[in-house]
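Subject: The structure we talked about

Hi there,

My notes on what turned up follow below it.

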Amino acid sequence: MELYLDLLSPPCRAVYLFAEALKIPYEFKSVNLFQGQQYTKEFGELSIIRKVPVLKDGSFVLTESIAILQYLAQKCSVADHWFPADLQQRARLSEYLSWQHLNLRFHCSKVFLLRALHPFVMGSEVPKEKMDAAMEDMKQSLDFLEEKFLQNKQFINGSKISLADLVAIVEMMQPLAVGVDGFKDRPKLLGWRDRVKKELGEKLFNQAHEAVLNSSDMQQKLQNNSEMQKLKSSLSKYFR
């Protein structure tokens with residue numbers, strides 16, 4: 001089985017952490033998004049969507065991180081708490097996974113992209129009103145994560161870790177790459193983060209997020225990247 005990943009991508013990190021923590025056998029296939037490797041002919045033959053992660057299991061190819069996580073959980077017969085068999089527990093898990101796409105994921109990613117790519121693509125800092133609005137949206141999603149989903153539980157789906165925690169934690173870590181700490185002044189989320197790290201293994205967790213936590217030279221790398229320079233015009237529509 002092959003997993004095509006770039007660990008700067010939160011969904012890729014979720015898949016990577018799950019496979020590594022549960023010792024699922026696979027071959028890591030690196031796809032460097034900042035180098036435009038998703039636009040190569042070879043990758044296009046694998047997936048016309050041209051996004052990562054991608055799973056290839058024999059002749060079976062699967063895209064979308066949530067689908068990949070669920071496939072791995074069922075194929076590899078992992079502990080039930082990751083993807084519960086109980087109808088209502090699985091429904092709760094599905095509720096979070098359905099909500100997060102256009103909420104926590106969308107808003108954390110927007111903050112990251114505005115800070116990381118707007119100066120490169122548009123040649124200027126993000127307008128204050130646009131950045132303030134993005135930060136407020138992220139705050140609202142974090143409030144919902146705390147009050148609706150985590151509440152006073154150890155993990156999102158109860159007393160044990162599940163796929164929901166993996167999917168949530170990688171998104172919350174992403175804004176740290178651009179100096180935005182969503183955990184600040186949120187002791188409930190800090191405690192939850194520490195429990196997730198302990199379950200996954202702190203060494204693995206830190207290694208998976210190394211690219212995010214050591215990205216201070218991101219702007220310089222973008223400026224020196226010929227493939228990203230070619231994509232400037234197509235990316236600019238997202239920041240207008």
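Which residues are buried in helix α3 (residues 65–75)? They are S65, I66, I68, L69, L72 and A73. Here buried means under 20% relative accessible area and exposed means over 50%, with partly exposed in between (1.4 Å probe, protein chains only). Helices are DSSP runs of H or I with at least four residues, strands are runs of E with at least two, and both are numbered from the N terminus.

Before going further, a word on the basis: this is a predicted model, in which local features need pLDDT of at least 70 and side-chain atom pairs count only at pLDDT 80 or more, while totals for chains, interfaces and linings use all residues. Residues are numbered from 1 along each chain as its sequence is written, and side-chain values use heavy atoms, with hydrogens and water left out.

The overall picture

The protein chain has 11 helices and four strands. Of its 240 residues, 48% are buried. Taking contacts (heavy atoms within 4.5 Å) with a separation of 6 or more, 69% are between residues 24 or more positions apart.

Just after α3, S77 takes a positive phi of about 50°.

The strands

Two strands are counted as paired if DSSP finds at least two bridges between them. β1 and β3 run antiparallel and are joined by three bridges; Y4 has V54 in β3 as its bridge partner. β3 and β4 are also antiparallel, with four bridges, and K56 stands opposite V61 in β4. The hairpin of β3 and β4 has two residues between the strands, and G58 takes a positive phi near 70° there.

Salt bridges

How many salt bridges are there? The count comes to 10, using a side-chain nitrogen of Lys or Arg within 4 Å of a carboxyl oxygen of Asp or Glu as the rule.

- D57 and K75 meet through their side chains at 3.1 Å, N to O. D57 lies in strand β3 and K75 in helix α3, so the pair ties together parts that are 18 residues apart in sequence. D57 counts as buried at 19% relative accessibility, whereas K75 is partly exposed at 45%.
- R105 forms a salt bridge with E171, the closest N and O atoms being 3.0 Å apart. This pair links distant parts of the chain, with R105 in helix α4 and E171 in helix α6, 66 residues apart. R105 is partly exposed at 26% relative accessibility, and E171 is buried at 2%.
- D132 and K128 meet in a salt bridge of 2.6 Å, N to O. Both lie in helix α5, four residues apart, about one turn of the helix. D132 is partly exposed at 38% relative accessibility, while K128 is exposed at 61%.

E146 and the network around it

There is also a network of salt bridges linking K139, D143, E146 and R186. E146 lies in helix α5 (residues 128–150) and counts as buried because its relative accessibility is 12%. What is E146 in contact with, leaving aside its neighbours within four places in sequence? The residues are Q151, R186, K188 and L189. The side chains of E146 and R186 are joined by a polar contact of 2.7 Å; such a contact is a pair of N or O atoms within 3.5 Å, where within protein one must be able to donate a hydrogen and the other to accept it, and residues adjacent in sequence count only if both atoms are side-chain atoms.

Cysteines

A search of the whole structure for disulfides, meaning pairs of cysteine sulfur atoms within 2.5 Å, finds zero. C12 is buried at 0% relative accessibility, and C76 is partly exposed with a relative accessible area of 28%.
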